[in-house]
Amino acid sequence: MPQPPAQQPYTSAPVRFVAFEVQFGLAPSLSTQDGRAAVYGRLRDAYPIADAQTTLRVAIGPQGAMPSPAGADLVMTNREHTRSVTIGANALTVQTTVFSSSEDLVAAITEALRAVEPAGITTTRRIGLRFVNEIRAPGVERADQWAPLINDDLLGPARYAGDYIVDGSETTLGLRIEDEIRAVVRFGPNTGFAVDPNGRLRLPSSEQGHFFLLDIDIFWQPTDDAFLSFAAENIIDTYRRLDEPSHRLFERAVTDRARDLFQTEHS
């Protein structure tokens, strides 16, 4: 199978949302008011807007979905409302709606990791990276018009409709990248938007109408109890192990015509 070309920095990339999450062993100090205040103090310059968010995490295990106790997470947002850091007693998440480069995101992740290091976290249980892309193209208003832009392998379910108009289609594909790295890719033609423009983070532009969803969710999770030591260097190394196949999966999904579109400035 021919390999996709090397990933290039696109002028108008279709990525609308990126999230990076690290789940770790319980750090009780991060669930206290003083502990959260200390983290906020370290990140205040970059993320001055702070809030508390009650969360209910759901872990997937052999017995199915298992809710864990709800807790109050600290949510910090930058002045532009385009990037946030969420800190809980057993997880850290960095989210952004403006993705300029992997290195820029690595810098934000590293800053957040340094801010929680004093909490004495020892083990890393799971690391996840997610890219949500809304691919839009001028003149494409129906599912059967994606053929010149999207890999034929991703268009099969929509083609099944024949002469009927497809209002929405989403296919889920689970992949094993390595023994400890898995990916879940969701894709298909749809209408409206995949990322809520009224969410906590602002989108650079608010687009609706027809789009092709390419949602790449890739994660590292050990197959046994040998958890990764919680250290910024280890976590960033794992980020790079997730980032590279994420870009390769994106490039496999699109054609050269789509790449030309992503290099075109448009409002």
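Which residue in β12 does T123 stand opposite? The legends below answer this and describe further close-ups of the predicted model.

**Figure 1. Pairing of strand β8 with strand β12.** T123 stands opposite S229 in β12. Strand β12 spans residues 228-229 and runs antiparallel to β8, with two bridges between them. Strands pair here if DSSP finds at least two bridges between them. Strands are DSSP runs of E with at least two residues, numbered from the N terminus. Residues are numbered from 1 along each chain as its sequence is written. In this predicted model, local features need pLDDT of at least 70 and side-chain atom pairs count only at pLDDT 80 or more, while totals for chains, interfaces and linings use all residues; side-chain values use heavy atoms, with hydrogens and water left out.

**Figure 2. Strand β8 and its pairing with β1 and β11.** Strand β1, residues 15-24, runs antiparallel to β8 and is joined to β8 by nine bridges. Within this pairing, E21 has G128 of β8 as its bridge partner. Strand β11, residues 210-220, also pairs with β8 in the antiparallel sense, over nine bridges. There, V132 has D215 of β11 as its bridge partner.

**Figure 3. The salt bridge between E21 and R126.** The closest N and O atoms of E21 and R126 are 3.9 Å apart (salt bridge: a side-chain nitrogen of Lys or Arg within 4 Å of a carboxyl oxygen of Asp or Glu). Because E21 lies in strand β1 and R126 in strand β8, the pair ties together parts that are 105 residues apart in sequence. Both residues, E21 and R126, are buried. The count by this rule is 14 salt bridges.

**Figure 4. The salt bridge between R136 and E134.** The closest N and O atoms of R136 and E134 lie 2.8 Å apart. R136 has a relative accessible area of 14% and is buried. E134 also counts as buried, at 4% relative accessibility.

**Figure 5. The salt bridge between E251 and R259.** The side chains of E251 and R259 meet at 2.7 Å, N to O. E251 and R259 are both buried.

Note on methods. Helix = DSSP H or I, 4+ residues; strand = E, 2+ residues; numbered from the N terminus. Buried < 20%, exposed > 50% of the residue type's maximum accessible area, 1.4 Å probe, protein only.
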